[in-house]
Amino acid sequence: MSVDTERTVVVTVNGVPREATVPVRRLLSDALRHDLGLTGTHVGCEHGVCGACTVLVDGAPVRSCLMLAVQADGHAVTTVEGLARDDGRGGWVLHPVQEAFRECHALQCGFCTPGFLTTIAAGLHARDSSAEITDEEVDELVGGNLCRCTGYANIKKAVKHAAAAMAEDAR
Amino acid sequence: MKPAPFRYADPGTLDEALAVLSGEGEGAKVLAGGQSLLPLLSMRLAAPTTLVDINRLPGLDTVEATGDGVRVGALVRHAFLLHDDAAARVQPLLARATANVAHAAIRNRGTTVGSIAHADPSGEMTAVLAVTDGSVSVATPSGTSDVSWRDLFVGPLETSLHGPAVVTSAFFPAPPSRSGTAFAEVARRKGDYAVCGAAVVVTVDENRRVTAVRAAYLSVGLVPEVHDLTDAVVGKPVDSADWAAAGALARTLVDPDGDLHASADYRRLLVGALTERTLIAAAAEAAGRSL
Amino acid sequence: MTTKLFGEPVRRREDARLIVGQGRYLDDIGSAALAAAFVRSPHAHARIVGIDADAALDVEGLVAIYAYEDLTGPMAEPLPVLIPHPQLTSPRTGYPLANGEVNHVGEAVVMVVATDRYIAEDACDRIVVTYEELPVVVGVDAAREAEAAVHEEIPDNVAAVHHQETGDVEAALAAAPRTLSFTQYIERSGSIPMEGRGVHARWDADDASLRVYSSTQASTSVRAAIAAKLELSVDRVEVIAPDVGGGFGMKIVHPWPEELLVPMAAIALGQEVKWSEDRREHFISSAHERQQRQEITVGYDDDGRITALDVHVWHDNGAYTPYGIIVPIVTATQLIGPYVIPAYRVKVESVYTNTVIVTPYRGAGRPQGCYAMERTLDRIADALGMDRALVRERNLIQPDQFPYDQHLTFQDGRPVIYDSGDYPGLMAKLKALVGWDDAASLRSAAEARGKLLGIGMAMYVEGTGPGPYEGGHVQVLGSGKVLVSTGLTSQGQGHETVFAQIVASELGVPIEDVEVHTGDTRRFGYAVGTFASRAAVMSGNAVALAARGVREKALRIAADVLEADPGDLEIDDGLVQVKGTPGASIPLRTIAVLSNPLRYAFDEAAKQATQFAIPGSDDKPPVAVGDAPGLEHRDYYSPIRSTFASGAHAAVVEIDPATWEIDVVTYAVVHDCGNVVNPMIVEGQVHGGVAQGVGGALYERMAYDADGQLQNASFMDFLMPFASEVPDVVIDHQQTPSPLNPLGIKGAGEAGVIPGTAAIASAIEDATGRRIASMPIAPSQLYDLMRDENAERTMASAARTTGARA
């Protein structure tokens, strides 16, 4: 059994296998930002409370500051950069929650935004989109991330907006 | 806020894990969900020489619910347990308490057994283990043994486990028949560590009279505390027992400390209030089950 | 006509990059940079006896270590006192790295530069600093008692005594039919933006120039500070505020030690160096605000009219005073709010403590002033058995009294003269919005559910948009693109959108053609900064004036081409046309081309401006005397004084008497910031401010122990509200345009936070019948108050049959 101080890991990031050699203590958040250049994932506290660094690991939201990069080896990670999809014509189609954030003014400084977007996107995909979203569901989806600018009102509004758009798409 | 250097291994078998733990000595630490450990590493409040990541160990990611109780493997995430219907049917406290563990993103990664092994007296699952009279299964190089919650928790963030050991599962016994359970906590912000919390079990006899009342508290003592509150209401009809009296009794049995978020007296108040609140809910459930 | 953009909820233009992870925040810049980390003082007050870095030297990846002894020239001198004031008689500032003494936990002692932040922290861990501990002063009361001194040569700990008065208060109090005296406290919170501070510096040795990125609210002034401290000519230094992850006041302070040390190291090492503040550093080494002790005496008559107000404040300014006494002045001058105070005297003693420095945090002294005034009005109402709204109504300045001179001197050195407003209008709207007159039935309904309900209100006036000036530059390119720049910075307020709206409206171009740049000294070198709710007022008007200048020049050129009178021309959708004459038009982009006479052509458009294409007069130079090539204009807005926004908030709280948990169930806001450029953005500012107000009232408190250790320096224990803690906010608007500026606007950035503490304290008092004289308040403290036999009970609660009985 090898006991290492450095490892080469292969992580499928936003659908693309990426390889990096990292010290074993490197946080996943730092590896994404500094080894892979995906600076959309933001670091707000490095102790797991604020949620700015939230990414999806195998589809589920996790704090990337509370995971070592080596622990992501062999897993799939989705960052905010991976939420929009390629429209096949050289452009991008925003995820409904991205559209909703712009439409509802759900961001001001934008620093916490990537963590909200990944968390909410995963949450909306995990639910039955044909059912109207409840206030309790909205509260649960936005309740684990800190924002210092918006007072959350427009973020909650954006979740409903995105849920409605996804319901429309599903119809 | 970056972790100090450490060495890392992610063994593929339990034997390998124990071998690495043995080889690396006292400074080695088991890493499971990491949701409590990683902040301590980043703040450099903990600096293990080696992390032994058990996430690749096979067979530890299952929840087994039987008539006797629920066994939760060491790699079962809070989120998984929260949504395990069979587990919730056998021991309803599991889902009730887990819903109060931090926020969803933490529950997706953090493990139930890890939070027990972390031995935080403000942890929800330590209290549930205690009130259900549960135990953990511990693997060491010399074999596997069960350790009762009473013998496990020694102090804040301190267990009786020393030397190479991996907690492979936790076992939460099913509640007695004709019983009800409830969980409640008060936190400053939703999802924070509780200022105070209570997990209770109320048991009644065939005549729907109270025979046993058991309550565990979080954030009240140095280790999870279980108190027997039966005396306050024993023999009383479950529908009309004086649950406030049980709350008052609980207040006399605890000896909490104060901290930044709550004075000792306020915690004592909450012990009373949460005891009464949870007992009313648990009694209603027990009454329903004894029909 | 071009779609009217001023006043419309135009969707934000900055969002396009921010929602896809393409923002550029400080730590996103310079991926190859070396990393800086700091050894910071673990003691609140100590002498540095020795620094032993030997053990750090063999850390692989270590590049450099700096201590005070390594600083030379101006860097070895104290940091500047940014805003000197005659009443700031004993200013003190720290050094970039501690010079022999530390005065708060977190003060920088040693800077380490290494190949990455992990390694830099490893080296920091190995550096041994030996301290001799000194007595510690924590809190205003300890500072006031002065058993120990923060700075040895200031034994009373008093940095400044700020004093203003508007009449003979002693005589007025003596003559007052009734008086009240009381003391109350408000605690420390902080801006706590989601992105901490950060600095990146790159020295170009070939060009002998320095480029610095800083997460700042004042890039032009950071530039000047760096040039002065590092002895560089200012033209060799550029400072850019990239996307900034929130500021809320804290990032207006400059130069932070790190803003000087990182460039210093970059020059010395010839390599890029970056420092990204971590969350713990942010708590213990940036800035806090709010703590005051307030002693208040008020004289009033039987109708509740105030005749005299005497306020004595002790203000905790922390260990140093780099930002002068701005917060004390703002408290002193904004305290009296929308009220007629015939005789007012205020004295603020600003005192040193061994804690993090105190500098403006959104509201900047106003929440404290509002708390003092509004709680005074609540006490008058209680003593007289009157409705709290009625007492306020009786004291309000009336709409026909504007401009209203409060005879005070504001933070900008200018008189406090309220330019416009309708305070009774605010009150009427608020009462309707929150259902003020239905409180009794709400209270009964809550009691039936086992809850105690209370309602409270607070009003404020906020001086916004102080000078001295801001500038704007507008340039139309030959492509039709309109470049707008202003020197002040953005931290999420949507300036790229708001300024584009203003310029598009003024110039008559589609907003899609407008591109706004802020906070970049390469684009605009003259600016003051983003603070005091001033960006929309100051830069908004400056870019409007600049756009008007461009418009005037465009019409002049177009008039020549179209052989028309400029007065007969209009610009719509980027096209200059003769009013009422279809077809007689010329695109603005063509005018931009023509405005710059060319010798060389490099595309089709440029050909139109070359020397053989333009028929010119042989008697006139191609560029007329007094004219300049290019379709651009630079202008400045410098107001005579601040413009005064206003508002009124109300909160309804429900309290669980079993656990004393406090739930804000309704929060109502009536808001007046004059003409509104973008109502969506203004409403967003209100929402965010209210969340910080609720946080400051119920959750956030910098908890220092007696040794000066900040016990809750993390997001686990410093309780910034999650969504679950922020109430839904209902908002109503009123608009009284400012007569002072061309656009008639007033600032909106800070308003939302100002009345939160006052309104919520009032509501809790109403619910519990116990006098609330210390904020913020947590359930544990409320429980202590409820079971304290000696706790003061309100008169209103004694008269009521419902409510708290604990």
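The model is predicted, so local features need pLDDT of at least 70 and side-chain atom pairs count only at pLDDT 80 or more, while totals for chains, interfaces and linings use all residues. Residues are numbered from 1 along each chain as its sequence is written, and chains are lettered from A and ligands numbered from 1 in the order in which they are written.

Chain B contains 12 helices and 14 strands. Helices (H or I, at least four residues) and strands (E, at least two) are DSSP runs, numbered from the N terminus. The C-alpha atoms of chain B fill a box of roughly 60 × 40 × 30 Å along the principal axes. The radius of gyration of chain B is 19 Å, in agreement with the value near 19 Å for a compact globule of 291 residues. This radius is taken over C-alpha atoms, and the globule rule is 2.2 Å times the number of residues to the power 0.38. Buried residues account for 60% of the 291 residues in chain B. A residue is buried if 20 or more other C-beta atoms, placed from the backbone, lie within 10 Å of its own.

Chain B divides into domain 1 (1-174) and domain 2 (179-289). These bounds come from an automatic or database domain assignment. The C-alpha centres of the two domains lie 26 Å apart. In chain B, 21 residues of domain 1 are in contact with 22 residues of domain 2. Contact requires C-beta atoms, placed from the backbone, within 7 Å. On the domain 1 side, H5(B) (93-98), H8(B) (124-131) and S8(B) (153-155) each give two or more residues. H8(B) gives the most, with six residues. By class, this side has 13 nonpolar, six polar and two charged residues. Ala, Val, Leu, Ile, Met, Phe, Trp, Tyr, Cys and Pro count as nonpolar, Asp, Glu, Lys and Arg as charged, and the others, Gly among them, as polar.

Between chains, 29 residues of chain B are in contact with 24 residues of chain A. H6(B) gives the most to the chain B side, with five residues. That side divides into 15 nonpolar, eight polar and six charged residues.

In chain C, helix H6 spans residues 257-269. The expected span is 1.5 Å times one less than the number of residues. H6(C) is mostly covered, with 10 of its 13 residues buried. Among them are Leu260(C), Leu261(C) and Val262(C). Just after H6(C), Gly270(C) takes a positive phi of about 65°.

Note on methods
Contact = placed C-beta atoms within 7 Å. Buried ≥ 20, exposed ≤ 12 C-beta atoms within 10 Å, placed from the backbone.
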